[in-house]
Amino acid sequence: MKGFRFRLWRRFTFQYSLVLFVTALLLMTFILIFGFYLETQERRTNFYEAGLDSLAFSVATDYAFEGELAISDNLQQEADARNGWFQIVSEDGNVLDSYPNGSGFSDSYSMQELTTLIDSRTIESHHVYTTLFEETDETYLLIYGEERITDELLGLLQAEGTTTEVLQRFNDHSAWGYVFDGDELIQQLQAPHSLRNPSMGEVLLHQAQPERVDAYVQIGEADGLTYVVYSPIPELPFLPLNEVGTTLTWIALSILALAILSFIVSILWFTRTFTKPINGAVDWLEQLEDGNFQEPKTFGKTKKGRWKRPYHLYQELYQSLSNLSNQLRVNKEKREALEASREAWIAGLSHDMKTPLASIQGYSIMLANEHYDWESHETQEIGKVLTERSNFMAKLIDDLSLTYRLESHAMTLQKENVDVTELLIKSIEAFQHDDRSIQLQIDPSVEKAYVDPKWFGRMIENLLDNALKHNEQETNIRVRAFMNGDDTFTVQVADHGQGMSQETLKRLFDRYYRGKSSQEHSVGSGLGMTITKELVQHHGGSIDVSSELNAGTTVSLVLPVGSSVEK
């Protein structure tokens, strides 16, 4: 059992540890990767709005930590990747910093120039985008400009057509293009296989959503034709963390460490919560194994007898263990009582066997005496005694054999449609020679029943034998038979004799129990009621006994009429 407890603890600990660790690791990894992916995609596909705002926030946070308003490394890498430039402009129009140095259109701007730049978003061949950010109660303008290769390639395509030099220029920049006449595609230049033969509607969709094809789209018209140029969106480098990002990373790592510590504490708590009740159940089983069938007094319960919280999950198991303990205890008590009854029964049975054997042995010795000549009437008298004693022993052995056959279901009933009245009369006639008063009352509705006539008669004879044997000579015995409807009928054997005690009534059908000592009656095996009950059950019926001391006894047999009875 110790090995089982250790395996149980190890299994729960390992499983919860593995599940929690893997779940946390996957979740954190997913959040990081997905967050980085979303940021990258947002910067790539919506750089000029969300991406630029993110970079402006990066400039502001750098200024908050470093006290210097400048183009950060993040912005420089963005500019290099996109072949663009950045400027930071103050409220009065002065350029505070630029990258690359000297880039942009001016070292300072008037309000009108800034307004024109913000509204037009295009100056000469440059695409210009702006965003505002605040820091220390002042507003700054972040300007980003880039000269896209699509503008140059579009101009070459419109001016020179598909010459070798133009195609080489397209190839140098991994670009491709199309020429439309209205909505009809008339020419395509180095288009990828997946983007061949697009419609004008698809081109317009790509221009509005460049992330669909990972390329910028520029459209122009000349000489009645529409020219389209695609150039790949530059791959962005992984941006290193700035000071704020580093701080946030340490905070995230601290939270992760705290989460891991919480997981460990949770694992230990869960392991204890789930294994402690099971260990208690194992202790209970060990107690049962040792023969102690009492429920542990303090096991899993409060002083008020309620289950403690960790044990709620297993309360059905504990209830089953409690039922098992009670059943084992009851079985033990029954077994001990049965053993005692069996010993008493064997002692009585031995006495009952010895009495006829002693008579048979004595008369056998007398008959074997060569010095005495027996008269005829003496021989007949001895023969009667020997016959009576041998019949008693044979009946005793037959009853014992029949009991075991009935209990092991080794006997098959030979049922047939018989007249109940005839069977009852025949059973009563077997006792008429004793000059005892037996009254028979049969309801006219009782006719035939589907029973085994031999064993039906044996049941009635057992009941009559008990009634006559355990009552005085003048006791009246009454036998009644009546219907209980269409399916069953009842046979009652009642007397107004001495009755039985409650102890005798309770154990009347126990095979090894005798309500009276074997010395009181020298005849009878003590198995009559056990046999009767088994025979009734084999017929699909039931038996009921009611009795009071000095008031009499009533035994009722309820038997099915039988499905094969002829109506």
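Two strands are taken to pair if DSSP finds at least two bridges between them, and helices (H or I, at least four residues) and strands (E, at least two) are DSSP runs, numbered from the N terminus. In the predicted model described here, local features need a pLDDT of at least 70 and side-chain atom pairs count only at pLDDT 80 or more, while totals for chains, interfaces and linings use all residues. Residues are numbered from 1 along each chain as its sequence is written, and side-chain values use heavy atoms, with hydrogens and water left out.

The protein contains 14 helices and 16 strands. The average pLDDT, the predictor's confidence in each residue on a scale from 0 to 100, is 80, and 82% of the residues score at least 70. Over residues 237-245 pLDDT stays under 50, and the model has 21 contacts beyond four places in sequence for this stretch, a contact meaning heavy atoms within 4.5 Å. Where pLDDT is low, the predicted coordinates should not be read in detail.

Of the 567 residues in the protein, 37% are buried, that is, under 20% relative accessible area, whereas exposed means over 50% and partly exposed lies in between (1.4 Å probe, protein chains only). A nonpolar core is defined as a set of buried Ala, Val, Leu, Ile, Met, Phe, Trp, Tyr and Cys residues joined through side-chain atoms within 4.5 Å. The largest such core has 42 residues, among which Phe456 and Leu464 touch the most other members; its largest share, eight residues, comes from helix H12 (residues 453-469). A second, separate core of 16 residues includes Leu55, Ala79, Tyr99 and Leu142. Apart from its neighbours within four places in sequence, Phe456 is in contact with Val420, Leu423, Leu424, Val451, Phe489, Val491 and Leu559.

In helix H11 (residues 420-429), the buried residues are Val420, Leu423, Leu424, Ser427 and Ile428. These residues lie on the same side of H11, because they cover an arc of only 130° around the axis, the arc being that of the directions from the helix axis to the C-beta atoms. On the other side of H11, Glu422, Lys426 and Glu429 are exposed. The buried residues of H11 pack against S10, strand S11 (438-442), S12, H12, strand S13 (477-483) and strand S14 (488-495).

Strands S10 (residues 416-419) and S12 run antiparallel and are joined by four bridges, with Asp419 standing opposite Lys448 in S12. In S12 (residues 448-451), Ala449 and Val451 form a covered face, while Lys448 and Tyr450 form an uncovered one.
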